[in-house]
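Please look through the sequence and the model shown here before reading the briefing that follows. The points after the lead sentences are grouped by topic.

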Amino acid sequence: MAEFLDLEGQDGVRMSWNVIPGTKQESSNCVVPVSAIYTPIKSMPTMPVLPYAPLRCRTCRSVLNPFSIVDFVAKIWICPFCFQRNHFPPQYASLNDENLVAELFPQYTTIEYESPAEKSTVPPVFMFVVDTCIIEEEMGFLKSALSQAVHLLPENSLVGLITFGSLVHVHELGFGLMPKTYVFKGSKDVSKDQLLDQLSFFLKKPKPPTGVVAGAKDGLSSESIARFLLPASDCEFTLNSLLEELQKDPWTIPTDDRAARCTGTALSVAASLLGACVPGSGARIMAFIGGPSTEGSGAIVSKNLSEPIRSHKDLDKDSDPHYHKAVKFYEGISKQLVHQGHVLDLFACALDQVGVAELKVAVEKTGGLVVLAESFGHAVFKDSLRRIFQSGDYDLGLSSNGIFEINCSKDIKVQGIIGPCASLEKKGPLCSDTVVGQGNTTAWKMCGLDKATSLCLIFEIAKKEIYQHTSGQMRLRVTTLSRRWVAGPGSIQDLIAGFDQEAAAVVMSRIVSFKMENEAEFDPIRWLDKALIHICTRFGDYQKDTPSSFSLSPRFSIFPQFMFHLRRSQFVQVFNNSPDETAYFRMILNRENVANSVVMIQPSLIYYSFQSGPEPALLDVSSIAADRILLLDAYFTVVVFHGATIAQWRKAGYQNQPEHQAFAQLLQAPQGDADAILKERFPVPRLVICDQHGSQARFLLAKLNPSATYNNDASVPGGDVIFTDDVSFEVFLDHLQRLAVQ
């Protein structure tokens, strides 16, 4: 595994197969597709940034790289993709085998180009879209969090504010004498032209008779834009005053009705306003939503409380009247935002569902951030919002307007990408007929991306990426990969040696999530089981019909364990989760790197005791003991679990007595490790501190392998049993071995 981590450190890539099957048939026999998880702007301290434009092949436009064949005498380089001969320009005249340029160094397979001429002049733009149909207490929490966020904004960034309830209020921040807003009816759609007319954009400067109205260069004056988007340093006082005076939506709600909330109209107005004022700027719409949309386009439920919000069952039966209409509406908004180069970030904080499942398409295609919490007062929301604007060690490295392109050797085609991007529909001979995720293209747009954003490419070998760095500088990152082909009867050991089981598990989880959302009547458990049986049959060592003889190479040994936990995970098991929660979990899975995604699939468990320091524990109910503290990292939740004896001692206050310093240190150790996880992760996970046999212990028990249940005698003294009919990993493995050797 270490060599795969080294490759990831060098190129930001983890491939499921690091030795590539040589024929189509051999590839399909391998079950897990040839795929790569690529983190386009992963932080790489040793990567050089070159202050000039890249040298491109004149036929296929790929960039000069260490795999190019160079003729130093004739000053010619041969492209490794299309074999076109290209001449070096005059500035490369001094090039020879002892005086190489950085892009030809064998260790620099990933390199960045920073052209001094290309720098964006538009500062970062934040449009806050705030829901006012929430109770006073929630309103107080939200106002406090937003005031902190305004204080943390970069000084040169532009800020706008839209609030909405049953009506949409666009606030004119540039009119400092008194609060001034433009109001739109939430139940009516507002076109971009209507919006510009209503907001009096053409009072002083007449509207151009032809062409698209797009920013100060095309049809709008800088003064009219500055009425709604002001630098944070100029409008901090005005914005804070507005937030302080912000009131709950004044319209009375009948007792048997939901609040009239026009989320869709508000987001449409925000998208059109930014599209007119700052197109192509990498602006972010930050939507703070406290309940379901019930008014206008994008409504997910009617106002009448007698109609329940859609469940997974309703979506499976296709019996919800609002779902498809709302998804279609948000698809329209996502296309508009992608075209403008803008991002939609979603902060959904409510006990009820708010429509994350419908909004998923707009957030994911624009590369937006998503945070789901129970309340605007919850630490998950407050800490995550603070992290977005934080600079220093834990900053997210938010970048914008990336264009991601792929070029491959002629024997490889691209099926598609699963991840936060939008297709640019650049068709070509590299596109496969089989489409997975966003396919039929070799270029994608990433309106928003950060240091951890990762794309899952199905079938690929070399790629290049251009994006706007946080400094505003435009950068081009080029990654060129080469992997060995193998074919024929003796190739199986080579394939085994190049198998990255962590990357493969993540690829399978993204594919199964995608299929569950897009294929009717799809049975994920059956699909995963069949795939695992085929892999074990092909790569296992066994005598036919003898299960006890079955063994797997260390390269494959943890893969069945990953599949066991994936079958039980929230990505596959939708029972007890709302459609909003399922959409949220899958959005995070689709954008995170391999290390984080593996923690989502199979959480890590560490135990602390008097006998030893922190040590890894089996993710099994047998790891529970009365005199242990367990730390579970399940990515979305971090659990500190005190065994029964530890909990009794803590309640008796032994940790406060000077003679029990060791106990105080034991209690503090997992808490310190949990805080370190919370500091570096986005969205900030929920921290649960619980005791054995307490109600909150369910957060731990739900993730453990049920080797001891109420109907077997496997429990350990001082341990625990799980009340479940789920099979344990041992039983699962036993069945797998029997089926694999048939």
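Strand β11 (residues 167-171) and β12 run antiparallel and are joined by five bridges, where two strands are said to pair if DSSP finds at least two bridges between them. Helices (H or I, at least four residues) and strands (E, at least two) are DSSP runs, numbered from the N terminus. This is a predicted model, in which local features need pLDDT of at least 70 and side-chain atom pairs count only at pLDDT 80 or more, while totals for chains, interfaces and linings use all residues. Residues are numbered from 1 along each chain as its sequence is written, and side-chain values use heavy atoms, with hydrogens and water left out.

**Strands and sheets**

- Strands of a sheet pair through backbone hydrogen bonds, either parallel or antiparallel.
- Strand β20 (residues 443-449) is largely enclosed by the rest of the structure, because seven of its seven residues are buried.
- Strand β17 (residues 399-407) pairs with β20 in the antiparallel sense over six bridges, and the bridge partner of F404 in β20 is W444.
- Strand β19 (residues 422-423) also runs antiparallel to β20, to which it is joined by two bridges, and A422 stands opposite K445 in β20.
- Elsewhere, five strands form an open sheet with mixed pairing, in the order β28-β27-β29-β30-β31, and its edge strands, β28 (615-616) and β31 (686-691), each pair on one side only.
- In that sheet, strand β27 (residues 604-608) and β28 pair in the antiparallel sense over two bridges, with Y607 opposite E615 in β28.

**Aromatic rings**

- The count comes to 32 aromatic pairs, under the rule that rings of Phe, Tyr and Trp (its six-membered ring) pair if their centres lie within 6.5 Å, with planes under 30 degrees apart counted as stacked, over 60 as edge-to-face and the rest as tilted.
- The rings of F128 and F288 make a tilted pair, because their centres are 6.0 Å apart and their planes are at 45°.
- This pair links distant parts of the chain, since F128 is in strand β9 (residues 125-131) and F288 is in strand β14 (residues 284-289), 160 residues apart.
- F128 counts as buried at 3% relative accessibility, and F288 counts as buried at 0%.
- The rings of Y542 and F550 have centres 6.0 Å apart and planes at 25°, so this pair is stacked; Y542 counts as partly exposed at 28% relative accessibility, whereas F550 counts as buried at 11%.
- One aromatic cluster is formed by W17, F499, F539, F556 and F559.

**Cysteines**

- The structure holds zero disulfides, a disulfide being a pair of cysteine sulfur atoms within 2.5 Å.
- C79 is in no disulfide, and the nearest cysteine sulfur, that of C60, is 3.5 Å away; C79 is buried, with a relative accessible area of 0%.
- C421 is likewise in no disulfide, with the nearest cysteine sulfur, that of C447, 10.0 Å away, and C421 counts as buried at 0% relative accessibility.

**Loops**

- A520 lies in the loop between α13 (501-518) and α14 (524-539) and is exposed, with a relative accessible area of 69%.
- Although A520 and D316 are 204 residues apart along the chain, their C-alpha atoms are separated by 8.1 Å.
- S622 is found in the loop between β28 and β29 (629-633) and is partly exposed, with a relative accessible area of 36%.
- The C-alpha atoms of S622 and G719, which are 97 residues apart along the chain, are separated by 6.5 Å.

Note on methods. Buried means under 20% relative accessible area, exposed over 50%, partly exposed in between (1.4 Å probe, protein chains only).
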